[in-house]
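Here is my notebook page for this one, friend. I went through the contacts one by one and wrote down what I found.

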Amino acid sequence: MNPDRNLGALLNGTLHDTLVVSLPHFRPELCLAATIVLLLLCRMVPLLRLVDSGFIALGGVLFSLFFAWDDILSLRAGAWSSSIGDLLAGRQELFGGLLAFDSLTAYIRLLLAGFLVLFILFTKVSGIPDREDGADFYTLVLGATLGMCLMASANHLLMVFMAVEMASVPSYALAGLLKGRKASSEAALKYAVYGAGAAGVMLYGLSLLAGVLGTCHLPTMARELAALDAMWMPGGTGLALAIGGLMVAVGLAFKLSAVPFHFWCPDVFAGAAAEVGAFLSVASKAAAVALLLRVAFGLGTTGPGPEHVAQMASLGETRHFIVGGIALLAALTCTLGNLAAYGQTNMKRLLAYSTIAHAGYLMMGVAAAVALAGRDAEATRSAVAAVCFYLGTYVFMNLAAFAIVALLRNSLRSEEIASYAGLIRSNPGIVVATGVVLVSLIGLPPLAGFVSKFLVFSSVMEAVMLGAERPLMLVLLVVGGANTVISLFYYLRVLKVMTFDPPPADRTADAFPLVSIPGALVTALVVPVVSLGIFWSGLYAFARFAGAFAS
Amino acid sequence: MGIAPILAVTQPAFWPLTLILFLPAIVAGILALPLIPRGKDDSIRWVGLATTIVVFVLSLWMAVPAIFGTGSAGQFTVGEAGMQAVVDQPWIPAFNINYLLGVDGISMPLVLLTTFLSVLAAAASWPIEKHVRPYWILFLLLETGMIGVFVSLDFFLFYVFWEVMLLPMYFLIGIWGGPRREYAAIKFFLYTLAGSVLMLLAILMLYFASDVGTLSDEQLIASHVVSPVLEGAERTAALTAIHSAHDAGKPVHTFNILALAAIGQSQNSPFAATSFWGMTLESWAFLLLLIGFVIKVPVVPVHTWLPDAHVEAPTPISMILAGVLLKLGGYGIIRICYPICPGAGLSFAWLVCGLGVVSMVYGAFAALAQKDFKRMVAYSSVSHMGYVMLGLGVWSAVDGHGYQWDAWAQGVNGAMFQMLAHGISSAGMFFMVGVLYDRVHHRNLEEFGGIFNRMPLYASLAVAIFFAGLGLPGMCGFIGEVLVTLSSWNYSRLLAVCSAFTVILTAAYILWAIQRVYLGAEYKGPHGDHLTPMTRRELAIAVPLVVLAVVFGVAPQLIFNYVTPTVNRQVETLAEWTRGHDGASAPAGAAASTDPEKAEFQAAIDSFSVGGGR
């Protein structure tokens, strides 16, 4: 065959794949990229420098949000019902298999874009970054979010690595945003060193996996794994795979701030501004959980349909390995996060450990989902839906928590828990808002955090009842239940300080009142925490839609 | 759920029950708005009190049609055993969670007790000067939570209300309590939350094991899985959907307590399948639920939160705690544990009874040893709630007794009566202690004495209430204790002897307390000059309690008219279930002998009425 024609066909195919198939599903990311360019260009033109970069970023993100919503609508046909068949048509591989576009991609992108809108509004209210730093800050934030969108849709191990790096590198710079503060620089350095180490280990793991399986494309890897299983592990292959898998897990665990790769988290949260903490705690976590779902399901399952039944069965060993790893990490992360939160006196540090603990609960849901895969499609979908629902409520809970910390810092000049003493006397509204958020983080009804926990626990329980990885799932249930009880202490301690304790004698300024712009922001974030706890059918329908990706 | 479907509700009980349930919470929300300016504390108090009164009147309208004229739709029919005034609206269709409310002979009196005690506790809250507005907001939220537990028939909803109570209670103890309030508040919260988490696991376990497709059409309609409102084709479609899902191997799970009970009592119940470590699923569920409930009751050895919480809580909150919150545990056992997990109930009967007797005896001895007046009353609650456990637990309708259920029914009726009576007497006792504490600011039993001379009216009322707690014949405390003790004789002589022996201990600690506090020559403790007579507000709280303590003592059928039909039906059903469970054929004479025995039991109940006419 003529090599020129061959090349031409290849080019044509690529062009078609890129322009016709991939780019229409890539509009939210393109919007983010265009906004970044715009933000940078605006700095070069003196007149445009007067435009507040926050609003440029907000505009770009709103476009991105619109396209993300449009993507959901395009997938929706028949998706609100539980019929799975209609949705699977929605799965497409973009850019030659590097990315996957399906309901999970669409859901997480919508979540991230929606979060960014709220986040930018929050930063405008809280005043960090100032005008000078604005362009840098929003460029970094949008860049990291771009990486997170890629994390949520990665379908290829190279893309996994690229996306993780793309999300991480801007985050390192964000952590050091408070330039004058030593703690902030230290946080950035620690984060960067940790991140670099984790990335290196992960890359090594990727190369091991790719070397054994001959590909980095996740679905192809799963098929190779299934074929390998038939003649289980000749020579050192099994060992190489296991080590490779664990090394990839290191990278993922770093992004999830899972124990024992969590050490950066409290220091970064405490050193960086609360705004950055909010971004890392919500967006980064959502993307990391989505990536975990992608990798776990990518390696542990093949596509649906009768032709894959045998492959699904022979992947059982792989799934067992994945579930074991995730469950172990989940139990450790949850327990250690909750126990370490006890001794904290700084609110941001406490929230950092709370974030770690919640990563544990989320991973329990992922473990249950993988355990159920191949047993019961409907239950698997529910388990993924539980995780997605959790992420949806987590946006409001944690953004509200960090918003309160940041806004109280602006008025009280302190982020120590002790400085909140007796706030109920002067600012009952703020204390109630904080109470709602913290109680929701404990997971008590009728708040959103309870529903999330309920859904995750019910998925784990369903796995127990269906006999999927029963001992592990039982352990997870016990650990999760016990952790709910022990987490009560430290969340309530904050409330106790705010309500029971007398105000410090040297307090000069009062906190902001509820009837003000910051107060309105807090209210806007807290109202969904309550309403999603009572009327959660709507968000759950969305989450189930996202869960369709797994079945 | 939009507005339109709510307005189109055709269930007659929707608005009455919903109002009883949510009016306190709505008013709490309104109080949170800055409508009443700062400093107008009395207005807030009046709004709060008025709310509790309205809710009480509403519940009275529902529960006692005789007062308001019978016949209105949505009212309660006394003497009917089944679930009444059922409200059924979809809430979370994805999990088959419904806004499912209803009352029967077990829950209606408890709802009435709750709304009644809330009025009295609201009146007793007048002396609270600190942070008046938040106090009343939390108080009203607490009322919604308590009523919600009693009227919920959906397990998810039940759990939500169960948890909703915790936070208000935590703050009510933690902010307005005594010196060790923070410790007591967190201890209360922690104990209950630990129990609730176990309960949640049991709920999920039962949910995933349940399949409403195994029920018959009649059962599906009776348990409101398929709304009885549906007619004709709609009903058929709903039933067919469930059965075809079942036949296709896709179980339809449920949180519906009535449906779970029907499933649990069915032949080949899925709950009876062996699950973990050789125990059946229902055994695990029963144990997990039981732990959750007995923490609330509370039962030795998980009772230690109670003395602390009671002692540190302000007087009105102690009244609510003792009068209502403890009943939630007993209610949970009778409504959920036994009907849903009958197999486990049968095999763990000794455990429930044993726990009851142990806390009965331990609580009495501990009460004897107390120096703090309020702590003594708190331990008396532990002891008295032990009777409830014993009465609920005497599963005497077994093979050896020819599946005779009347003795057991006597026990459960006694337990229900004991719950209501204890609600009156313990709230009264805590209030009486509070009256004294408000004046002299101490509770040391050793430093009292001679109160009779200083406050004769108060002392007479207090002694009357304490006698009710003691279980003096003619007072409300007697009926429950004696029924429980009698019924346990049939089950185990040893337990009956222990519980009879406890009556002596009870008499000992109460009489001794009366002697140390009210009798004696003169009051020598601190603040003697503050021993002023009771105010009218205090009288308005104390007198109804004393009157009710006497009325229920002489006319117990006022309560039994409500309780007995439902309890008897439940016990009879479970006794029948036991017979089927054992697989034994019915002894020929057993069925015939049931009726005379029932009549005899009714006669026994009636014989307690001295003056009250039927």
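This is a predicted model: local features need pLDDT of at least 70, side-chain atom pairs count only at pLDDT 80 or more; totals for chains, interfaces and linings use all residues.

I then checked the count between chain B and chain A, and it is 1 salt bridge.

Next I looked up the rest of that contact. Chain B brings 36 residues to it and chain A brings 34 residues. Together the two chains bury about 3,300 Å², with 83% of that on carbon and sulfur atoms. Which three residues supply more than any others of the area that chain B buries against chain A? I found Phe95(B), Phe208(B) and Phe276(B), which supply 16% of it.

Back to salt bridges: over all chains, I get 26. I picked one inside chain A, where the side chains of Arg409(A) and Glu275(A) meet at 2.9 Å, N to O. This pair links distant parts of the chain, as Arg409(A) sits in helix 16 (residues 377-412) of chain A and Glu275(A) in helix 12 (residues 274-300) of chain A, 134 residues apart.

Last, a helix pair. In chain A, helix 8 (residues 182-213) and helix 10 (residues 237-256) pack at an angle of about 150°, and their axes are 7 Å apart. Angles over 145 degrees count as roughly antiparallel, so I noted helix 8 of chain A and helix 10 of chain A as roughly antiparallel to each other. Helix 8 of chain A passes helix 10 of chain A in a left-handed crossing. I sorted the residues of their contact by class and got 19 nonpolar, 6 polar and 1 charged.

Definitions and conventions:
Residues are numbered from 1 along each chain as its sequence is written. Chains are lettered from A and ligands numbered from 1 in the order in which they are written. Side-chain values use heavy atoms; hydrogens and water are left out. Axes are lines fitted to C-alpha atoms, for helices over the stretch in contact, and angles run from 0 to 180 degrees between N-to-C directions. Helices (H or I, at least four residues) and strands (E, at least two) are DSSP runs, numbered from the N terminus. Angles under 35 degrees count as roughly parallel, over 145 as roughly antiparallel, 65 to 115 as roughly perpendicular and the rest as oblique. A crossing is left-handed if the near helix is turned anticlockwise from the far one by less than a right angle, and right-handed if clockwise. Ala, Val, Leu, Ile, Met, Phe, Trp, Tyr, Cys and Pro count as nonpolar, Asp, Glu, Lys and Arg as charged, and the others, Gly among them, as polar. Contact means heavy atoms within 4.5 Å. Buried area is the accessible area (1.4 Å probe) that two parts lose on being put together, summed over both. A salt bridge is a side-chain nitrogen of Lys or Arg within 4 Å of a carboxyl oxygen of Asp or Glu.
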